[in-house]
Amino acid sequence: MNPNQAEPSPPSGGARSRLLEAATATIREKGFAATSVDELCAKAGVTKGAFFHHFPSKGSLGVSAVDHWTETSDAFFATAPYHQLDDPLDRILGYLDFRKTLLQGSVAEFTCLAGTMVQEVYGTHPDIRRACDASIGGCAAALESDIAEAMKRYRVRASWTAASLALHTQVVLQGAFILAKAKGEAAVVEASIDHLRRYVELLFRPTGTEAAVAL
């Protein structure tokens with residue numbers, strides 16, 4: 001399943017699964033506050049009683065929606081082709097190239113549920129904020145080992161760490177998604193990924209006379 005698909009598949013499975021699919025699509029399109037329990041029930045084809053049977057509150061649904069998004073996204077990225085590349089730097093660059101291939105459809109279809117929600121609820125729903133932090137942090141952690149391996153292979157000695165660079169990739173992506181919402185198009189995300197790709201290449205393959213350590 002492509003996690004960037006905005007619209008849920010036709011209702012199938014249990015009520016909880018259908019509600020999570022409906023929440024993923026609707027919150028990405030409208031935001032958490034503008035998404036009502038009634039709307040989610042209607043979209044999932046379940047009763048309000050079924051909603052509160054599975055989720056004590058809208059906030060608990062929000063946490064579960066982020067967790068569902070994380071599990072789905074992790075599984076999706078785990079099978080991406082860049083993992084098959086031998087060179088760890090090629091895997092990092094392949095990840096960025098792969099992210100560009102996902103910039104299809106409307107803004108809601110390619111932006112991140114966790115990034116969308118945390119901007120809105122970070123001060124009001126600490127449980128959702130923590131789930132979003134774990135989701136975005138998990139994306140960074142998935143790159144960290146490749147970055148650490150590339151640092152060894154390319155003999156990069158620097159004050160920055162593999163963990164910090166991995167998190168920076170998510171900073172760029174999430175920031176680009178915000179600008180895509182402001183502009184209503186994917187072009188700014190494409191350009192930001194291209195800039196990030198060039199930056200990563202410079203860190204590991206400096207073109208000037210200075211060594212990578214200077215970066």
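Reader: Is Phe-51 buried or exposed?

Author: Buried means under 20% relative accessible area, exposed over 50%, partly exposed in between (1.4 Å probe, protein chains only). Phe-51 has a relative accessible area of 0%, so it's buried. Phe-55, at 1% relative accessibility, counts as buried too. Keep in mind that this is a predicted model: local features need pLDDT of at least 70, side-chain atom pairs count only at pLDDT 80 or more, and totals for chains, interfaces and linings use all residues. Residues are numbered from 1 along each chain as its sequence is written, and side-chain values use heavy atoms, leaving out hydrogens and water.

Reader: How many aromatic pairs does the structure hold?

Author: Rings of Phe, Tyr and Trp (its six-membered ring) pair if their centres lie within 6.5 Å; planes under 30 degrees apart count as stacked, over 60 as edge-to-face and the rest as tilted. This structure has 11 such pairs. Take Phe-51 and Phe-55: the ring centres are 5.7 Å apart and the planes sit at 50°, so that pair is tilted. Tyr-82 and Tyr-95 make an edge-to-face pair, 5.7 Å centre to centre with 75° between the planes.

Reader: Where do Tyr-82 and Tyr-95 lie?

Author: Helices are DSSP runs (H or I, at least four residues), numbered from the N terminus. Tyr-82 is in the loop between helix H4 (58–78) and helix H5 (88–101), and Tyr-95 is in helix H5, so their pair ties together parts 13 residues apart in sequence. Both Tyr-82 and Tyr-95 are buried. Ring pairs also link Tyr-82 and Tyr-95 with Phe-76, Phe-77 and Phe-98 into a cluster.

Conventions
Helices (H or I, at least four residues) and strands (E, at least two) are DSSP runs, numbered from the N terminus.
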